[in-house]
Amino acid sequence: MSERPTAPELVESILEFLGGEILPTLTDQRLRFRTLVAMNALSIVYRELVERLPAEDDAAQRELAARIRAGDVPPGTVARVKADVEARLRVASPRYLESYE
Amino acid sequence: MIAEMREALQSVLGTDLSEPVLLAGGASKEAWAVDAGGRKLLVRRAAVGVIHKHTLSLEHEFAVLEAAYEAGVKAPRPVQYIADLDGREAFVMERLEGETIGRRIVRMEPVPPQLPEQMAEELAKIHAIPRERLPFLEEARLERMIEEFDEVGEPRPAIELGLWWLREHRPPPREPVVVHGDYRIGNLVVAPDGLRGVLDWEFVHVDDPVRDLAFALVRAWRFGVPEKRLGGIGDAEPYLERYNELTGLDVRPEELDYWELAGNVGWAIGCLTQMRRHLSGRDRSVELATLGRLGAEVEYEICTLLERVAA
């Protein structure tokens, strides 16, 4: 699945934050150097994630969304959609699910 | 820049001022604290971006604040609108003392017990402001959410399910009134003795009053206290009862449930439009990017509410 922002898009936003907002404030030479090293490591992660981005994107999600928009909501749809949202949350915000227990 | 602004402010207000301190510099607005003698003031000044296309201009926001203050709503006293303050639009209001951070309000010990009723009282006063007093206000329809969602263009079946249920179960429309548009704990000033004031008037428009009433129930704004349905500070019942008592509207709990779901759907879409600001390059920000993924929390709540109404 390639939910937006995709993993490389998120990494890119962190790289911009580190380079644009953090790096200019660092006066300690050692910290500057280590931040540059960290940014370089993140760039490697970025490129590897771009390579692995699935080609067949969110076609299934689009189809399901269009069906619901047309009013075609068979029994069990909420449970199915909820399971999918839960799977996304386990990546994006796993602790949030605990607040429902 | 601070020196220029202070000078410009001094000449407009005709009084000596302390050095302005920047409290918050968002993409759309700056907030400066400044003191004039013993008077504590707050300057809201335009920044570069616009957070939302339906945001009021600072001139209109000031007019709204004046109308609310005249109507007896607890709000900062408006002082002056300034069309050009060192190059940008701004207005000055008095600064209220108290807690404005939602996460801290829900953790006050104790949370002022009268807060739910007080929230209902202020909202009832806002809803009674005559529409004619603010002729520039736009009327919002529920359909606006769908337009915003379609502009983002991301497939989100959970949001579609929420929209579908809202279409199928719409309560009879109520007479539209002046609404706050962002009425929740994070936009209040609270002190140990209770509610001091209502802030953030930039989303005021004309709409269904119950939609405005239910907004404070949305789970995303309970600040880590999800079991307290009213913004993490209390139960919905005393809030609803007091509102009904003051307005005579006889809002039923099911109607509140309906608009709570609508508030969640609106915020789930809001997360996507914020993400789009980043992806489009208009406002690059790791916070906005992350919000795109955190929208899944709101989608989960939508599914949970749908299961509840179906049961």
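Reader: How many residues of domain 1 of chain B are in contact with domain 2 of chain B?

Author: Two residues are in contact if their C-beta atoms, placed from the backbone, lie within 7 Å. By that criterion, 18 residues of domain 1 of chain B are in contact with 20 residues of domain 2 of chain B. The side of domain 1 that touches domain 2 holds eleven nonpolar, five polar and two charged residues; Ala, Val, Leu, Ile, Met, Phe, Trp, Tyr, Cys and Pro count as nonpolar, Asp, Glu, Lys and Arg as charged, and the others, Gly among them, as polar. This is a predicted model, in which local features need pLDDT of at least 70 and side-chain atom pairs count only at pLDDT 80 or more, while totals for chains, interfaces and linings use all residues. Residues are numbered from 1 along each chain as its sequence is written, and chains are lettered from A and ligands numbered from 1 in the order in which they are written.

Reader: Which residues touch the most other members of the largest nonpolar core?

Author: In soluble globular proteins, nonpolar side chains tend to be buried together. A nonpolar core is a set of buried Ala, Val, Leu, Ile, Met, Phe, Trp, Tyr and Cys residues joined through C-beta atoms within 7 Å. A residue is buried if 20 or more other C-beta atoms lie within 10 Å of its own, exposed if 12 or fewer, and partly exposed in between, with C-beta atoms placed from the backbone. The largest core here has 93 residues, of which B:Ala68, B:Val265 and B:Ile302 touch the most other members. Helix 9 of chain B (residues 253–279) gives this core its largest share, eleven residues. Leaving aside neighbours within four places in sequence, B:Ala68 is in contact with B:Val73, B:Ala75, B:Ile126, B:Ile129 and B:Trp201.

Reader: How many helices and strands has chain A?

Author: Helices (H or I, at least four residues) and strands (E, at least two) are DSSP runs, numbered from the N terminus. Chain A has five helices and zero strands. Its radius of gyration, taken over C-alpha atoms, is 19 Å, well over the 13 Å given for 101 residues by the globule rule (2.2 Å times the number of residues to the power 0.38), so chain A is more spread out than a compact globule. Buried residues make up 13% of its 101 residues.

Reader: Is helix 2 of chain A buried or in the open?

Author: Of the 24 residues of helix 2, the number buried is zero, so this helix lies largely in the open. In helix 1 of chain A, by contrast, A:Val11, A:Glu12 and A:Ser13 are buried. The buried residues of helix 1 pack against helix 2 (29–52) of chain A together with helix 9 and helix 10 (286–310) of chain B.

Reader: Which helix supplies the largest share of the side of chain A that touches chain B?

Author: The contact between the chains takes 30 residues from chain A and 27 residues from chain B. Helix 4 of chain A supplies the largest share of chain A's side, nine residues. That side divides into 15 nonpolar, six polar and nine charged residues.
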